[in-house]
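Here are my notes on the model, in the order I'd go through it with you. Have it open as you read.

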Amino acid sequence: MCLPQDILVEILSRVPAKSLVRFRCVSKWFNCLTSDVQFQDKHLKISCSSRDLESKRVAAKVGVDVMLSCSLSSVYNNKIAAWRLPIERKISSCSKISSMVLLCPPVNGLVCVTLGTCLHPFDNVHLWNPTINELRRLANSSVPLDLLSKLQQPYGEPIYGLGHDSASDDYVVVRVITRLLGYSMPRVEVYSLKKDSWRLLTQPFPYPYIWKHMYFNCHFMNSRFHWMAYTPNKQDHLLILSLNLSDYEYKEIPQPNYQKASPPRDYFINIAVLDGQLCFCIHYFGRSLDLWTMKDYGVQQSWMMMLSIPLHDFVDTPIQLHVHADFFPLYLFENGDVLLLQLRRKEYYQKKQDIMVYKKDQKAFEDTTTLGYQPLRLGPTSIYYTDTLISPNRYLTPTASRIVKYLNWVSRDSLIHHLS
Amino acid sequence: MVKLKSNDDKEFEVEEAAVIQSEMIKNMIEDGCATSVIPLPNIDSKTLIKVIEYLNKHINMGKAAETGEEDDLKEFDEQFVNMGWEELFDVIMAANYLNIHELMELCCQSAADRLKNKSVRAVREMLKITNDLTEEEEQEIINDAPWAFEGPEIDDTVN
């Protein structure tokens, strides 16, 4: 028997994205369906609520233009099967990518990267969905080149963030630009994928400095971007700042009542998004990594210490560890285990993995085979993402509306058939 | 009690509390159109028995959560979808027609789980789909995302 297409859509929206990419070869209809924006969004909604570890991945940059990807189930079961992501096929002119930098945590399967070099340092930003291997070069910056004269690495590098505005169904990239000529405070430039253009927000970033962690510094959740910011001479007082996508208003987010160890600066703090909640990470050097999560967004009392990971057995040389190593939580498993990224500048830590699973019950790290490790010269090299079908070109192509119309027609037709 | 009639003229009595999980029948009852037997011209008796089995087990979902019978229900669901491929299709069609949201979701997920690791050839056979792509088009799709075509989990068998 042959299933009506509307029912087939119901079934296929529950199939993992990797399989659907393969099923594009089944027939023209399958190929069109996976390119349809409405289907992509339906599939995203279902896969986001799923706990299926097959569709959640860690990808690591292991060469200039080589990324390997493996599923969280293979990481968790310590049977890493990694696949090469062939981004180079999508670069039209040059056959080789001279450089690739990961800019921020992926959102809905979209990865924000810079590829190669341009005259204007902001003009090589791309959105890439590694699962379907679709790439889109974003429009040129609205900031004139002559205002960037003072932009020198490392402090002048803009801080990127990627988010999804569910109200307007738009994908948004922000970059906070420090030391822009003629401005004393950092400026924020916002990109809309729908409009394919950048605009400089009139309101400057309200704090002069953003805390720079070894991992990404801008985290998106609950329709808001989050940074840790500070003012000069007050480095000990970091605050969490959010920017709401609906009104572009800044707001300070309360912090947990964590223990401020003495002597001061004996710890790193950082924010992350874990299990859909804002997470506050404190790495007391050589002692523990404490993870707090905020159950009710914006409510100070709802901060809870979710996990305190002891680092005593982990540390080899306790001198000056903080300069060289830190951790970042990537994923919270259903049983409370945590996938951690270890960030190192030098080989100071005994263990050599870059991604590790912390087993809550055993209170121990599980050895995980490394995907490949590069020192952090070019920014973070590993990302956590979910396989989706979301195309960075979703607003470009005529949205396969023919299919949708056809599907509506089919379902109406089958309804009429049933009623008669 | 509500009486349902399959397309092979077999009548089944079902408790109202169970049958109103079907949005379609619930609407019929609310509109007062369910006074006698409800004919279901798209559903055969074999499929209807399966659907009624599901409905009876799933009466009062809230009650199950209270009494800690969730695991029991989960186990039932797992056993329930353990049926043949064609049979699963019949239940999906019936759930869609009767508009039983939870049953539809359960069976579609089961169908998706059975399809997900299948090879392209196996999917065509399982869904009775004729390939209308040229060899060049197929090769282009494979070249774009070769990783989706590799892996030990890919299964070429049809079931």
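In what order do the four strands of the open sheet in chain A come? Point 2 has the reply; some housekeeping comes before it.

1. Ground rules. This is a predicted model, with pLDDT of at least 70 needed for local features and 80 or more for side-chain atom pairs, while totals for chains, interfaces and linings use all residues. Residues count from 1 along each chain as its sequence is written, and chains are lettered from A and ligands numbered from 1 in the order in which they are written.

2. The open sheet. The order is β8-β9-β10-β11 in chain A, with antiparallel pairing; strands pair here if DSSP finds at least two bridges between them. At the edges stand β8 (159-165) and β11 (197-200) of chain A, each with a single partner strand, so one side of each has no neighbour in the sheet. From one strand to the next the twist averages 20° (axes are lines fitted to C-alpha atoms, and angles run from 0 to 180 degrees between N-to-C directions). Zooming in, β9 (residues 170-177) and β10 (residues 187-192) of chain A are joined by six bridges, and V173(A) sits opposite Y191(A) in β10(A).

3. Chain A overall. I get seven helices and 25 strands, taking helices (H or I, at least four residues) and strands (E, at least two) as DSSP runs numbered from the N terminus. Of the 420 residues, 43% are buried. Buried means 20 or more other C-beta atoms within 10 Å of the residue's own, exposed means 12 or fewer, and partly exposed is in between, with C-beta atoms placed from the backbone. For contacts with a separation of 6 or more, 50% link residues 24 or more positions apart; a contact is a pair of C-beta atoms, placed from the backbone, within 7 Å.

4. A residue in β14. W227(A) lies in this strand (residues 224-230) of chain A. W227(A) counts as buried because it has 26 C-beta neighbours inside 10 Å. Leaving out residues up to four places away in sequence, W227(A) touches I210(A), N217(A), C218(A) and L241(A).

5. Where the chains meet. The contact takes 36 residues from chain B and 29 residues from chain A. On the chain B side, α6 (85-98), α7 (101-115), α8 (120-127) and α9 (135-144) each supply at least two residues, and α7(B) gives the most, with six. I142(B), in helix α9 of chain B, touches C25(A) and F149(B), not counting residues up to four places away in sequence. I142(B) counts as partly exposed because it has 17 C-beta neighbours inside 10 Å.

6. Record check. UniProt lists "domain: SKP1 component dimerisation" (unreviewed entry) for residues 102-148 of chain B; such positions use the numbering here, feature names are shortened, and annotations may be inferred rather than shown by experiment. In the model that span is 68% helix and 0% strand, with its end C-alpha atoms 31 Å apart.

How values were computed:
Contact = placed C-beta atoms within 7 Å.
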